[in-house]
Amino acid sequence: MAGKLKLYYFDGRGKMESIRWLLAAAGVEFEEEFLETREQYEKLLQGGSLLFQQVPMVEIDGMKMVQSRAILSYIAAKYNLYGKDLKERALIDMYVGGTDDLMGFILMFPFLSAEDKEKQRAVIVQKATSRYFPAYEKVLKDRGQDFLVGNNFSWADVHLLEAILMVEEKKSDVLSGFPQLQAFKARISSIPTIKKFLEPGSQRKPVPDDKYVETVRRVLRMYYDIKAN
């Protein structure tokens, strides 16, 4: 019998957070090993666990998987969150790709200077409200269904909810002009596994703070400044 899934990353969001979200949505328990020192990271490197010398890394079904998109695709397929056929899977990939692009504007936000953070906040809100949220608003309106794809909850729904909440952290009323997305947020948030993940005490990580940033910089030896998009 396979052991419990194990995640190797920092004690923070980053590229692992979407993996946590998807596992939680599937109702799957997992353990985490947090990287706090350079020595831990080098041990993984020397042991051959990090194929491309980077994290996230997930131990699952006897594999040591890297590359977050590959990990997410595997989890989605394994736990029936990847559509019923090839067409639905293609749509899920397309919608997840869009939310990935939006999240990309947020991912490096904690590593910016105070001045660049204000610039990037404006970029995030502008991109969300002029490009990405209108697209998902239209999809939901045109379909008239509870979910983005087919008749079932999928990875696309999980990813979009995660993105919505991330943008709301930058501007709390960002959904004010998007009634379909407001209803979607309420609907998906009420799914039992998601509701549980959103409650205090879950393995969901908070907004990255200075301690998280310092740890990532120290472990990965990031001696350069990130610039705003």
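In this predicted model, four strands form an open sheet with mixed pairing, and their order is E2-E1-E3-E4. Strand E2 (30-34) and E4 are the edge strands, each pairing on one side only. From one strand to the next, the twist averages 20 degrees.

In general, the strands of a sheet pair through backbone hydrogen bonds, in either a parallel or an antiparallel arrangement. Two of the pairings are set out in the table.

| Strand pair | Sense | Bridges | Residues that stand opposite |
|---|---|---|---|
| E1 (residues 5-9) and E2 | parallel | five bridges | Leu7 and Glu32 |
| E3 (residues 57-60) and E4 (residues 63-66) | antiparallel | four bridges | Glu59 and Lys64 |

E3 and E4 form a hairpin with two residues between the strands. In this hairpin, Asp61 takes a positive phi near 50 degrees. Helix H3 lies across both E3 and E4, and H3 runs at about 125 degrees to E4.

Another part of the chain carries an annotation. An unreviewed UniProt entry assigns "domain: GST C-terminal" to residues 85-209. Over residues 85-209 the chain is 67% helix and 0% strand. The end C-alpha atoms of this stretch are 41 Å apart.

The spaces in the structure come next. The largest pocket holds about 850 Å³ of space. Its lining consists of 43 residues, and those nearest the centre are Tyr9, Gly14, Lys15, Leu107 and Met108. Which elements give two or more residues to this lining? They are helix H1 (17-25), helix H3 (68-78), helix H4 (86-107), helix H6 (155-168) and helix H9 (210-220). By class, the pocket lining has 24 nonpolar, eight polar and eleven charged residues.

The structure also holds one cavity of 30 Å³ or more. About 40 Å³ of space lies in the largest cavity. The elements that give two or more residues to the lining of this cavity are H1 and H6. Its lining is made up of Arg13, Glu17, Trp21, Glu162, Met166, Glu169 and Arg204. How do these lining residues divide by class, and how many are charged? Five are charged, two are nonpolar and none is polar.

How values were computed:
Residues numbered from 1 in each chain as written. Predicted model: local features only at pLDDT ≥ 70, side-chain atom pairs only at ≥ 80, totals over all residues. Heavy atoms only, no water. 1 Å grid on protein atoms, 1.4 Å probe; cavity = no way out; pocket = protein on both sides within 12 Å on 5 of 7 lines; lining within 4 Å. Points joined across faces, edges and corners; volume = space filled by probe spheres on them. Nonpolar A, V, L, I, M, F, W, Y, C, P; charged D, E, K, R; others polar. Pairing = 2+ DSSP bridges. UniProt positions renumbered as here; feature names shortened; annotations may be inferred. Axes fitted to C-alpha atoms, helices over the stretch in contact; angles between N-to-C directions. Contact = heavy atoms within 4.5 Å.
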